[in-house]
Amino acid sequence: MKRILLTGASLLLILAGCTNTVKEKQSKEHRQMKHEENMDHENMEGMEDHMDHDDIPSLKASKGTQELSIPPLLDKQKSPDFDYEVVAQEGTTQFFDGTQTKTYGYNGNLLGPTVRLKEGETVKVKVRNELNEPTTFHWHGLEIPGSEDGGPQDEIQPGKSKIVTLKADQPAATLWYHPHPHQLTSKQVFKGLGGMLYVEGTDRNSADLPKNYGVDDIPLIFQDRIFDKDHQLNYDELMNSDGTIGDVSLVNGTLNPKLTVTQPVMRFRILNGSNARNYTFRLSNGASFTQVASDGGLLDEPVETDELTLSASERSEILIDFSKLDSDKPIAITDKQGNVLLPFDLNFESKAAKNSTVSWATVEPFLTKKEKDLPVSKEIELFGMMDEVTINGKKFDPTRIDLKQEKSVSEVWEIYNKPDHMGGMIHPFHIHGTQFKIISRDGKDPSSNEQGLKDSVLIEPGERVKLLVTFPEKGIYMYHCHILEHEDNGMMGQVEVY
Ligand SMILES: [Cu+2]
């Protein structure tokens, strides 16, 4: 991986990625078109609930009436037995005037505190279930032994707790944590369980990126929700077995958010925390911004782009230099349709804008020739929709080990999203316990904003994606579609790492 090095105190972003922008956009549009061509609308009968590309409800624009909520940082505990405590609990949240909506949260009413681990650090976390149903605590993207990973085999019953050991033995990254109990994941995330998990870097590989939490280093958890007529998150009534998608946009659980920007250069750590929705983010004025990291850490090179697509569970870190934008016009993060998701209220002294230079120094290539030439040793076929979803023709069986792989030995997994008579749909594919590299998409190099460590990857219908997968620890890990309803419907397998 190439590492970021600070050169001087000036933050003039030298961006080798500029020439990549057009190419990437074209390839994304091509993929979108391919998807649309594949849709066969004559065969839609009986599939009314299937989330057709054209059916996806538009998000309502943020009115900008609430300052964005920033999750608190998780405090250390004084207990000799554990360093942190995370409790899954029920609560209520006031999204709408005069209504308390029943929600779930970690250590609170909705979402959870941000957990920060230093690179190389080992901590003990007491996890406790105060819900009235089983749950698990999954540390999405953390390369830890299967015994600590919090997959569906690790259910914690109501009222029970356990202590897990988290070792952050991997590069700085924006990860997250969420529940993973089989057939309850989608409901529990929908009702509010989820939080950010940062691995903070050492000087060696941590760029001089803004890192003042909540000031110039802001988590943004984008989620869409659908509420019933009483403004409740009544999952059983509202859910869609092809992925529950709503018209209400929440950012960090805030409805109608705005963010007051007090520093000219802002770092945003973006998580698509939705059950199913794919987002393509843009700035309302069409300006470009700089993507610096993907799921598992810094990109090989920073990428200048004017849009960013994230499927469910994917993350990205971006920098926006507001001092370069025309502040007379309203600026917001929008989706692809132009719906305002997060308006910005600029409130900084533009003359105070510091100029800095961030550049990337090559240490090693993203993929070596040897890695690129490795033969495919694991083939994964994603197929189906709604509750007819499978991986390699099978549904999840907790008693079945589907694949085996040796610890620390890299293998090439080829993931194929097999189209059906309706064209198929995007599946975001996630593997636990590893940060992989994308070798190719349909034989072509991944775009520069995917040349970084990943744990989740968007796969278009008909697409074949090759991944270089290495597990640094042992145990049993899940791999699955991160449309949570597909996962709950059995679009999941198990790999045993020995
Ligand atoms: Cu899926």
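Two strands are taken to pair where DSSP finds at least two bridges between them, and the pairings described below for this predicted model follow that criterion.

An open sheet of five strands is arranged in the order E26-E33-E32-E28-E30, and its pairing is mixed. The edges are formed by strand E26 (403-405) and strand E30 (456-459), each of which pairs on one side only. From one strand to the next, the twist averages 25 degrees.

Within this sheet, strand E28 (residues 427-431) has five of its five residues buried, and it is therefore largely enclosed by the rest of the structure. The burial extends to both faces of E28, with His427, Phe429 and Ile431 on one side and Pro428 and His430 on the other. Pairing between E28 and E30 is antiparallel and runs over four bridges, and histidine 427 stands opposite isoleucine 459 of E30. E28 is also joined to E32 by three bridges, the two strands again running antiparallel; here isoleucine 431 has tyrosine 479 of E32 as its bridge partner.

The largest nonpolar core comprises 108 residues, of which Leu197 and Leu467 touch the most other members. At least three residues of this core come from each of domain 1 (1-365) and domain 2 (369-497). When neighbours within four places in sequence are left aside, the contacts of leucine 467 are Val412, Trp413, Ile415, Phe436, Lys437, Ile438, Ile439 and Val457.

Isoleucine 218 is located in strand E11 (residues 217-225). With 21 other C-beta atoms within 10 Å, isoleucine 218 is classed as buried, because the cut-off for that class is 20 or more. If residues up to four places away in sequence are not counted, isoleucine 218 touches Ile70, Leu259, Met266 and Phe268. One of these contacts, leucine 259, is 41 residues from isoleucine 218 along the chain, and the C-alpha atoms of the two residues are separated by 9.8 Å.

Terms used. Residues are numbered from 1 along each chain as its sequence is written. This is a predicted model: local features need pLDDT of at least 70, side-chain atom pairs count only at pLDDT 80 or more; totals for chains, interfaces and linings use all residues. A nonpolar core is a set of buried Ala, Val, Leu, Ile, Met, Phe, Trp, Tyr and Cys residues joined through C-beta atoms within 7 Å. A residue is buried if 20 or more other C-beta atoms lie within 10 Å of its own, exposed if 12 or fewer, and partly exposed in between; C-beta atoms are placed from the backbone. Domain bounds come from an automatic or database domain assignment. Two residues are in contact if their C-beta atoms, placed from the backbone, lie within 7 Å. Axes are lines fitted to C-alpha atoms, for helices over the stretch in contact, and angles run from 0 to 180 degrees between N-to-C directions.
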